[in-house]
Amino acid sequence: MDVQLDNPIYRIVGKAADSLGIKAFAVGGVVRDYFLQRHCTDIDFVCLGNGIELAKAAAKSISPNIEVVVFKNFGTASFHYHDKDTLWEVEFVGARRESYRRDSRKPIVENGTLEDDQNRRDFTINAMAVSVNEESFGTLIDPFGGIQDLDRGIIRTPLDPDITFSDDPLRMMRAIRFASQLDFYIHNDTFDAICRNAERIKIVSPERITTELNKIVLSPQPSVGFKLLLKSGLLQIIFPEFANLKGVETVGNHAHKDNFYHTLEVADHVAAHTQDLWLRWAALLHDIGKPATKRYDAKLGWTFHGHEVRGSKMIKKIFTHLRLPLDQKMKYVEKLVLLHLRPIILAEDEVTDSAVRRLLFDAGDDIEDLMLLCEADITSKNEEKVRRYMKNFKIVRQKLIELEEKDRIRNFQPPVSGEDIMKTFGIAPCREIGTIKDSIKDAILDGLIPNEREAAWQMMLEKGAELGLHPIQE
């Protein structure tokens, strides 16, 4: 089979390889994505010779200004270049044979043949190679039936899956990631090997695991990957807090829903509306506090009181363990987990201006994300209940717009500052300043006074008088 490679980089590399008297091939993901008709900007080449020399020769053919980054220890080299508003990342390596020690993912590398190089690939769909030398340009080398597996939508290892996964346990995460991204089926023998080797994932660094986990979170339906992670036993090892959501407990006629599957339903709904990684993480973690707060009440049945507070407090520990960023992204997830019940409570009760103002004040610029999360959280099979909630959410959204236009609450800045209070009453920093500021804030949020300086100033004077403070005479 001939593959129609139209990117000029293939001819450039082929010509450079011919000049060096070596054979070169495009391999891996770029070949897979060619047949899947997916855009791929990362292009890998393997050659039967020195990959570093080939990289330098190819880069020089494009431009003398291209910097080639060399990793001598690994025998690899790479460079970036722009073409037609696209940044291409191109990597080169000499064909090699790999062997592994049981306690490490780092292989012992020897020079090898193209066959050796294809044997070491993780899955058949990633083990295809296409020649770029002029005499055989576009010829596909597919020893393991990668084309057929792409057509059938199957993830399968080229060689014995137990050896593949034991050698490099991260490949287990990659198998599930590809299944989730591509909506492919993991071959039974391959999946059984993942289950048998799940404990091997413990030798992989958290950073590498989370890279794959984030790709699962960003896949079209995150539930596909998380169900496979649970079934394989990997989830219980890499993310036990999430695995703990699984299960239903029954007392008499009272049973709670399975919070694992409910959470995945919420995550899929959010994923259908946004590619934002952190909003997707908020969806996955919104009920993470439920196992710790689950209680049975003879009158009320199963309760999870305060799970939003407990869950919000768990986020930092989870982010730390998974090596996710402990910055504003984490704080954003904490906020959404903490607030995720607020719009639902509003939708159950009468939607008052005061409650909407406070929601707007607490959520700030993240209010739209919070509303999307809350709408996704309504997973009831009772259609009438869902219609009622969605109708009330529309009312909440409309009030959010009206009150923001009128009262400017979203990024609330008090009309009277602490410095104003100190200067007016001639006092140093003290508790009374906070009391006055809180009173003004509450009055504005409750609609007792407008969000204007004059009204806030008058209230400052009144509250100051109650606290025994008197304006100084200038």
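Biologist: Which residues of α16 are buried?

Modeller: This is a predicted model, where local features need pLDDT of at least 70, side-chain atom pairs count only at pLDDT 80 or more, and totals for chains, interfaces and linings use all residues. Residues are numbered from 1 along each chain as its sequence is written, and side-chain values use heavy atoms, with hydrogens and water left out. Helices are DSSP runs of H or I with at least four residues, numbered from the N terminus, and buried means under 20% relative accessible area with a 1.4 Å probe, protein chains only. By that cut-off the buried residues of α16 are His307, Glu308, Gly311, Ser312, Met314, Ile315, Ile318, Phe319 and Leu322.

Biologist: Where does α16 bend?

Modeller: The bend at a residue is the angle between axes fitted to the seven residues ending there and the seven starting there. For α16 that angle is about 30°, and the residue is Met314.

Biologist: Is Thr379 buried or exposed?

Modeller: Thr379 lies in the loop between α20 (367–376) and α21 (383–407). Its relative accessible area is 13%, so Thr379 is buried.

Biologist: Which side chain makes a polar contact with the side chain of Thr379?

Modeller: A polar contact is a pair of N or O atoms within 3.5 Å; within protein, one must be able to donate a hydrogen and the other to accept it, and residues adjacent in sequence count only if both atoms are side-chain atoms. At 2.8 Å, the partner of Thr379 is the side chain of His262.

Notes: Helices (H or I, at least four residues) and strands (E, at least two) are DSSP runs, numbered from the N terminus. Buried means under 20% relative accessible area, exposed over 50%, partly exposed in between (1.4 Å probe, protein chains only).
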